[in-house]
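My entries follow in the order I wrote them up.

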Amino acid sequence: MSEVSGTPSQSIREAALAIRRSHRLVVLTGAGISKESGIPTFRDALDGLWARYDPQQLATPSAFRRNPKLVWDWYHYRRGLLAQSQPNPGHYAIAELENLLPQVVVITQNIDGLHHKAGSHDVIPVHGDIQLNKCFADCQGDPTFIDITRLEWDPESGPPRCPHCGAYVRPAVVWFEEMLPHAALERAYELSATADVMLVVGTSGTVQPVASLPFLAYQSHAIVIEVNPEPTPITMVARWSLSGPSGVILPQVIAAIKAGLSDSGAADA
Ligand code: BV8
């Protein structure tokens, strides 16, 4: 049943109670949480110029080697979209959880930085940050970040060159067929294995190794709660699958947590 009726449903109230009682909450997010900020998800057909490309064919080192300008221009287009985007109520609801619970960590697959912008403090961007760039050769060590605002180049020619070694500069994101940053992934595994509640928001659960984290949490006896308009492979391990847009559902969860807190406060009084 869709939860967008406006009043928190029974499942939202039950899920909110489980979250309110958590001591180690992990929130795992995907592209769906940024959709209501105007950023298309990977599942969405890309629009206009990019409609004929499959993101999974563009977000790879081989695509960049084959056509650095095409891939660089795609990220330039996405950076432009992001420049017009703001966090939505879903991002702010997750940031609000930090004021209500003892421990909240956000593991995000998104590279848009919107969790930070919304006020979340402990965010693990396991697939990197679209606003950062690095040397394709990581010539000064992994990663060799490059500040492109200090470089001069002809954008029509594609990406700038690394000032140290002359290799192409690329977005500092994790492409398909690339390993995730070791420290970030290790911490994500550790948090998923020790969480008592995992809130999974806006992910199709198709990209590894992050897609395995809800199952790791479930096998470690965490309560898994999913927020997504559609069912996903994660639905089968979710105690509650709250169907609807996260920008509508998550504020209802926060309201139910706060109502519960004031009730229990009254009870304690
Ligand atoms: C790795 C950064 C080891 C870049 C991303 C064969 C060869 C090589 C590799 C593989 C292979 N087979 C499998 C693999 C592994 C591969 C993989 O998983 N492939 C899949 C596609 C089969 N993974 C990797 O390559 C990873 N590295 O495994 O290293 C290795 C090394 C060498 C060789 C083999 C293995 C690296 C993966 C990271 C790729 N980088 N992003 C960029 O963004 O440009 S992934 C990118 O796509 C996103 O970060 C995200 O992770 C993923 C998209 O997933 P979602 O976030 O879930 O978004 P999606 O669009 O799918 O779904 C949106 C959801 O939101 C939907 O469910 C929808 O219903 C919901 N929704 C919609 N509206 C709303 C909503 N929800 C809430 N509210 C709404 N309003």
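**Pockets and a cavity**

I began with helix H5, which gives six residues to the lining of the largest pocket, the most of any element. A reminder to myself before going on: this is a predicted model.

**Entry: the largest pocket**

I looked up its volume and found about 1,000 Å³ of space in the largest pocket. There are 50 residues in the lining, and those closest to the centre are Gly-30, Ala-31, Thr-41, Phe-42 and Asn-110. Two elements give two or more residues to this lining, namely helix H2 (32-35) and helix H5 (68-83).

I then sorted the lining of the largest pocket by class and noted 24 nonpolar, 17 polar and nine charged residues.

Next I turned to the second largest pocket, with a volume of about 390 Å³. Its lining has 20 residues, and I wrote down Lys-134, Asp-142, Pro-143, Val-174 and Pro-181 as the closest to the centre. Strand E4 (128-135), strand E5 (169-173) and helix H8 (182-194) are the elements that give two or more residues to the lining here.

Which element has the largest share of this lining? I found that E4 does, with four residues.

By class, I noted eleven nonpolar, three polar and six charged residues in the lining of the second largest pocket. I checked the domains here too: domain 1 and domain 2 each give at least three residues to this lining.

**Entry: the cavity**

How many cavities of 30 Å³ or more does a search of the whole structure find? The search finds one, and I noted a volume of about 30 Å³ for the largest cavity.

I listed the residues that line the largest cavity as Ile-19, Ala-93, Ile-94, Leu-97, Leu-199, Leu-250, Val-253 and Ile-254. Helix H6 (89-100) and helix H10 (246-268) are the elements that give two or more residues to that lining.

Terms used:
Residues numbered from 1 in each chain as written. Predicted model: local features only at pLDDT ≥ 70, side-chain atom pairs only at ≥ 80, totals over all residues. Heavy atoms only, no water. 1 Å grid on protein atoms, 1.4 Å probe; cavity = no way out; pocket = protein on both sides within 12 Å on 5 of 7 lines; lining within 4 Å. Points joined across faces, edges and corners; volume = space filled by probe spheres on them. Nonpolar A, V, L, I, M, F, W, Y, C, P; charged D, E, K, R; others polar. Domains from an automatic or database assignment.
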